[in-house]
Amino acid sequence: MLMLIATQSLCIFPIITVMMPLYGRLVLHLGADQVGLLMGASAVGSVVGSLFLIGLPRDKRVPLMMINAAAVTGAIFGLSRAPSFYIATALMVVNSLGLATNFGLCSTIVQERAPDYLRGRVSAVFMLSFVGIMPVAGLGVTGLSDVIGMPTALVIAAITYGTITLLVLARVRKQCCEPALSKPRAAETPPPVAATI
């Protein structure tokens, strides 16, 4: 799960947070208002994606995450070829829907699988793999786009993200379906009753 979040932060989030305003202006030839709407479309997918997590059975998590990974890959690839503002907006909704759902599921699985005495430290590493990688990733993806162009950089980022995510999910599919790690508290034994004479 940590690798999935790190891959997401490395390949996808720089496109949304750093490159998208410039991409909208230079490639899609959008004005400031339309770029704002394009960025705002991410919120719609995030809200809807979080609602999908309610009551999701444990055995359905990894298949849904695989579908989301394929959807994010297709959305970023589609953005590299999007001919209009409306198609780009729809792809941004799909992208944020998949990212938000996978992020929530990764966080849930990490919380469940970490032992009680390590949960705080594992959660800290989880957030570090998300927040800590983004500044470096922002330099990497944007630097790549300067060399090979924004559309090609989006295609490479999408394929890299999709390949790594699907391989990792295929490997941990069985473990993610197992029950959560939780130590049941030892049953308290009643104190011995003193014998009455």
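Let me start where helix α2 (residues 13-26) meets helix α7 (residues 134-148). On the α2 side the residues are F13, P14, I15, V18 and M19, and they meet M134, A137, G138, V141, T142 and S145 of α7. Contact here means heavy atoms within 4.5 Å. By class, this contact has eight nonpolar, three polar and no charged residues. For the classes, Ala, Val, Leu, Ile, Met, Phe, Trp, Tyr, Cys and Pro count as nonpolar, Asp, Glu, Lys and Arg as charged, and the others, Gly among them, as polar.

The model is a predicted one, in which local features need pLDDT of at least 70 and side-chain atom pairs count only at pLDDT 80 or more, while totals for chains, interfaces and linings use all residues. Residues are numbered from 1 along each chain as its sequence is written, and side-chain values use heavy atoms, with hydrogens and water left out.

Back to the pair. The axes of α2 and α7 come within 9 Å and cross at roughly 70°. Axes are lines fitted to C-alpha atoms, for helices over the stretch in contact, and angles run from 0 to 180 degrees between N-to-C directions. The two helices are therefore roughly perpendicular; angles under 35 degrees count as roughly parallel, over 145 as roughly antiparallel, 65 to 115 as roughly perpendicular and the rest as oblique. The crossing is right-handed, meaning that the near helix is turned clockwise from the far one by less than a right angle.

Now the second pair, α5 (residues 85-113) and α6 (residues 119-132). Their axes also come within 9 Å, but cross at roughly 155°, and α5 and α6 are therefore roughly antiparallel. This crossing is right-handed. F103, C106, S107, V110, Q111 and E112 in α5 meet R119, V122, S123, F126 and F130 in α6. That contact has six nonpolar, three polar and two charged residues.

Stay with F103. Leaving aside neighbours within four places in sequence, F103 contacts I5, Q8, F126 and F130. The C-alpha atoms of F103 and Q8 are 8.8 Å apart, although 95 residues separate them along the chain.

I5 and Q8 take us to helix α1 (residues 2-11). Seven of its 10 residues are buried, so α1 is largely enclosed by the rest of the structure. The buried ones are L4, I5, A6, T7, Q8, S9 and C11.

N68 counts as buried, at 8% relative accessibility. Beyond four places in sequence, N68 touches G98, T101 and N102.

Overall, the chain has eight helices and zero strands. Helices (H or I, at least four residues) and strands (E, at least two) are DSSP runs, numbered from the N terminus. Of the 197 residues, 40% count as buried.

Last, confidence. pLDDT is the predictor's confidence in each residue, from 0 to 100. The chain's mean is 80, and 86% of its residues reach 70 or more. Helix α3 (residues 32-51) has the lowest mean, 78, and helix α4 (residues 61-81) the highest, 89. Over residues 183-188 pLDDT stays under 50, and the model has one contact for them beyond four places in sequence. Where pLDDT is low, the predicted coordinates should not be read in detail.

Note on methods. Buried means under 20% relative accessible area, exposed over 50%, partly exposed in between (1.4 Å probe, protein chains only).
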